[in-house]
Amino acid sequence: MALISQGLAMEQGKIAVIGGCREYTGAPYFAAISALKVGADLSHVFCTKDAATVIKSYSPELIVHPILEESYSVRDDERESVSSIILTEVTKWMERFDCIVVGPGLGRDSFLLDGLFLVTNNISLVEDNSLAILTPNVYEYKRLVQKVLNCDVDEENASEQLTTLCQKIGGVTIMKKGKADVISDGKQVTQVSTFGSPRRCGGQGDILSGSVALFSSWARHFLLSNDQPTEKSVNPMILGCIAGSLLLRKAAGLAFEKKKRSTVTTDIIEFLGKSLEDICPAEQ
């Protein structure tokens with residue numbers, strides 16, 4: 001996923017998830033509902049018309065915008081005009097959000113394109129954007145390294161290579177997901193290796209993206225509201241990644257304790273609230 005923290009959070013924050021097509025409706029839902037479970041005020045999903053009704057049926061808590069199109073519904077001679085209409089509609093909403101998650105459930109349709117697949121082939125989209133976070137899995141990371149550094153993944157010098165990758169793109173934060181989540185902004189490298197669950201059900205990356213986006217927005221808001229220039233303090237994007245990773249791992253562990261091998265993503269989501277309270281109790 002590609003995540004971008006937009007600015008100061010109002011209240012507890014508003015998040016937008018751009019993703020979801022007729023084949024993949026779970027991913028955007030997982031990202032959007034996870035942000036709500038963590039504490040966001042409002043969670044919007046911008047998806048295709050075919051996905052909208054399905055996503056709405058998952059939860060009345062989400063605000064769903066059925067404005068994206070897939071290639072099968074757009075004639076070649078309509079592509080430019082349809083793209084313009086979609087961009088105009090999406091753009092008028094974007095300034096209302098504190099953070100944006102781009103990519104979950106977009107697939108490889110030529111008129112949509114998954115967030116990280118699109119970024120890998122168009123690095124300029126996130127180049128020199130210190131508010132951008134990329135969360136590649138092992139296969140996405142491999143493609144990113146090959147594209148940007150023109151070499152293969154070097155496991156023996158993993159931290160150095162990750163740092164170089166971030167620097168080459170220009171200050172973005174990359175969270176390389178795996179047994180240990182390794183995070184870098186090109187200046188520092190940290191990792192979260194806390195054990196979560198032996199069950200690796202699909203969809204956990206989507207929970208992570210929604211949580212990381214919101215946590216990063218909160219961290220940035222905190223630093224700026226306390227007159228701490230972000231360039232001189234710890235990177236709020238790094239803080240967001242660490243918090244999101246720790247929360248997911250704890251929730252996954254609690255879900256596995258209860259459901260064992262039958263654990264699925266929705267079980268993990270139900271433990272986000274308890275996990276957050278255990279890590280950071282709410283003030284009365």
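Helices (H or I, at least four residues) and strands (E, at least two) are DSSP runs, numbered from the N terminus. The model is predicted: local features need pLDDT of at least 70, side-chain atom pairs count only at pLDDT 80 or more, and totals for chains, interfaces and linings use all residues. Residues are numbered from 1 along each chain as its sequence is written, and side-chain values use heavy atoms, with hydrogens and water left out.

**Buried residues in strands**

A132 lies in strand 6, which covers residues 132–134. With a relative accessible area of 0%, A132 is buried; buried means under 20% relative accessible area, exposed over 50%, and partly exposed in between (1.4 Å probe, protein chains only). A132 and D267 stand 135 residues apart in sequence, and their C-alpha atoms are 29 Å apart in space.

Strand 3 (residues 42–48) holds H44. The relative accessibility of H44 is 5%, so H44 counts as buried. Leaving aside neighbours within four places in sequence, H44 is in contact with I15, A16, V17, I63, H65, W93 and F97, where contact means heavy atoms within 4.5 Å.

**Nonpolar cores**

A nonpolar core is a set of buried Ala, Val, Leu, Ile, Met, Phe, Trp, Tyr and Cys residues joined through side-chain atoms within 4.5 Å. The largest such core has 46 residues, and those with the most contacts inside it are I15, V45, C47, I55, L62 and I268. Helix 8 (residues 236–259) gives the most to this core, contributing nine residues. For C47, the contacts beyond four places in sequence are G19, G20, A52, I55, V64, H65, P66, I67 and L68. A second, separate core has 18 residues, including L116, A132, L149 and V182.

| Helix pair | Axes come within | Crossing angle |
|---|---|---|
| Helix 1 (residues 26–38) and helix 7 (residues 204–225) | 7 Å | roughly 40° |
| Helix 7 and helix 8 | 7 Å | roughly 140° |
| Helix 8 and helix 10 (residues 272–279) | 9 Å | roughly 120° |

Angles under 35 degrees count as roughly parallel, over 145 as roughly antiparallel, 65 to 115 as roughly perpendicular and the rest as oblique. Accordingly, helix 8 is oblique to helix 10. Helix 7 is likewise oblique to helix 8, and helix 1 is oblique to helix 7.

Handedness is defined as follows: a crossing is left-handed if the near helix is turned anticlockwise from the far one by less than a right angle, and right-handed if clockwise.

Helix 1 passes helix 7 in a right-handed crossing. On the side of helix 1, the contact is made by A27, F30, A31, S34, A35 and V38, and on the side of helix 7 by D206, I207, S209, G210, S211, L214, F215 and W218. By class, these residues are nine nonpolar, four polar and one charged. In this division, Ala, Val, Leu, Ile, Met, Phe, Trp, Tyr, Cys and Pro count as nonpolar, Asp, Glu, Lys and Arg as charged, and the others, Gly among them, as polar.

The crossing of helix 7 and helix 8 is right-handed. Among the residues making this contact are L208, F215 and R220 of helix 7 and M237, C241 and L248 of helix 8. The contact divides into 14 nonpolar, six polar and one charged residue.

Helix 8 and helix 10 also cross in a right-handed manner. Here L246, L247, K250, A251 and L254 in helix 8 meet L272, K274, S275, L276, D278 and I279 in helix 10. This contact has seven nonpolar, one polar and three charged residues.

**Loop residues and a helix residue**

Most residues other than glycine have a negative phi. N150, although not a glycine, has a positive phi of about 55°. N150 lies in the loop between helix 5 (138–149) and helix 6 (158–169) and is exposed, with a relative accessible area of 70%.

K260 is not a glycine either, and has a positive phi of about 55°. K260 is found in the loop between helix 8 and helix 9 (265–270); at 45% relative accessibility, K260 counts as partly exposed.

E160 is found in helix 6 and is partly exposed, with a relative accessible area of 49%. E160 and I133 are 27 residues apart in sequence and 18 Å apart in space, C-alpha to C-alpha.

Technical notes. Axes fitted to C-alpha atoms, helices over the stretch in contact; angles between N-to-C directions.
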